[in-house]
Amino acid sequence: MNVSTDGLVAWNEPTLVISIDLELAWGSFDHAYGPELLAMARWTHDHGAPALLEQLTQNGLSATWAVVGALMLDGLPDLGRLEPFSTPGGRDWFSFVPPGATERTAPEWFAASFVRRLAEATPKQEVGFHGFSHVILGDPRVTARRARQELEMCAELARKLSLESPSFVFPRNSVGHLDALRAAGMGSYRGPDALLFPLRRRSLRSAWSMAADVLGLRPVLVQPRIEAGLVNIPGSLMVRYAAGWRKYIPDSTRLGRLRSGLKLIRRRGGIFHVWLHPENLFFEHPRLERVLADFHAEAGDLAASSKIRVLTMGQIAREALARAPAPARAA
Ligand SMILES: [Zn+2]
């Protein structure tokens with residue numbers, strides 16, 4: 001790794017990037033399996049994900065969809081070669097998926113038909129990965145071998161779907177095994193959300209995110225960072241679900257935060273990286289869907305009048321590498 005040529009790439013154009021983690025039941029079965037999770041996953045398959053795609057395409061917006069690899073399929077592949085891994089509760093990772101399930105019998109786990117729609121959408125949407133089975137790569141229990149296998153399964157799907165240097169989102173944003181990510185041919189990843197000032201402790205970071213949501217604080221703009229050929233594009237703002245105490249956050253505060261990000265990039269330049277889970281639109285539906293509809297309409301208008309650019313993570317990564325000094329590209 002050539003450390004001296006790695007680093008931030010200056011990015012002054014007002015740019016919006018939207019990344020969407022599509023996971024259905026894979027996203028939280030390991031700690032919250034139950035009827036509510038299955039209902040949320042089913043709703044996302046039938047309504048949440050298609051509605052979000054419709055909002056984006058109607059407004060002329062392209063987004064990066066980081067999809068759990070297994071859900072791109074119509075049933076589990078042969079898992080014989082995978083090193084076994086268990087949930088914190090001690091069950092085999094794949095044991096929650098009903099045996100012999102397909103998209104027709106278990107749409108809570110599989111969405112091959114939606115991924116086909118996604119790949120054919122206009123304007124073009126980027127199909128990337130959110131792990132193969134949502135194993136938490138930053139979990140110290142995940143061995144280098146299991147991480148490599150997880151990412152090779154993604155690489156195999158990428159070849160099948162002709163995805164070049166796909167973008168990647170770490171399950172739970174828990175970064176780990178970057179070498180394996182690189183070896184699997186991924187081009188970029190979404191790093192943890194940028195903060196106004198460094199907060200090491202997890203409790204402080206979550207207190208900050210609560211305050212940011214409640215007070216509607218202005219999001220932080222980001223710049224791409226080249227890390228030995230991989231491009232890290234950190235998040236600016238996660239649109240969190242309207243459940244628990246967060247259902248008391250007024251929709252106008254949520255929309256206000258999103259709009260302040262658009263204002264900020266127009267005034268200062270830089271990247272506003274919004275990310276979300278379609279699954280989270282389920283709670284208090286249709287509140288979040290409406291907030292996002294307003295945000296996407298505004299972003300679409302600004303993009304149509306060339307006041308901002310709306311790019312996918314993959315497009316940002318390619319431009320960032322092209323702008324970097326030659327040795328960084330070759331690293
Ligand atoms: Zn996830």
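Are H7 and H8 roughly parallel or roughly antiparallel to each other?

1. This is a predicted model, in which local features need pLDDT of at least 70, side-chain atom pairs count only at pLDDT 80 or more, and totals for chains, interfaces and linings use all residues. Residues are numbered from 1 along each chain as its sequence is written.

2. Helix H7 covers residues 251–268 and helix H8 residues 287–304; the two pack at an angle of about 20 degrees, with axes 10 Å apart. Axes are lines fitted to C-alpha atoms over the stretch in contact, and angles run from 0 to 180 degrees between N-to-C directions. H7 and H8 are therefore roughly parallel (angles under 35 degrees).

3. On the H7 side, the contact (C-beta atoms, placed from the backbone, within 7 Å) is made by Asp251, Arg254, Leu255, Leu258, Arg259 and Leu262. H8 contributes Arg287, Arg290, Val291, Asp294, Phe295, Glu298, Ala299 and Leu302. Together these residues divide into seven nonpolar, no polar and seven charged.

4. The chain holds ten helices and eleven strands, counted as DSSP runs (H or I, at least four residues; E, at least two). Its radius of gyration, taken over C-alpha atoms, is 19 Å, close to the 20 Å that the globule rule gives for 331 residues, so the chain is as compact as a globular protein of that length. That rule is 2.2 Å times the number of residues to the power 0.38.

5. Of the contacts in the chain with a separation of 6 or more, 81% are between residues 24 or more positions apart.

Methods. Two residues are in contact if their C-beta atoms, placed from the backbone, lie within 7 Å. Angles under 35 degrees count as roughly parallel, over 145 as roughly antiparallel, 65 to 115 as roughly perpendicular and the rest as oblique. Ala, Val, Leu, Ile, Met, Phe, Trp, Tyr, Cys and Pro count as nonpolar, Asp, Glu, Lys and Arg as charged, and the others, Gly among them, as polar.
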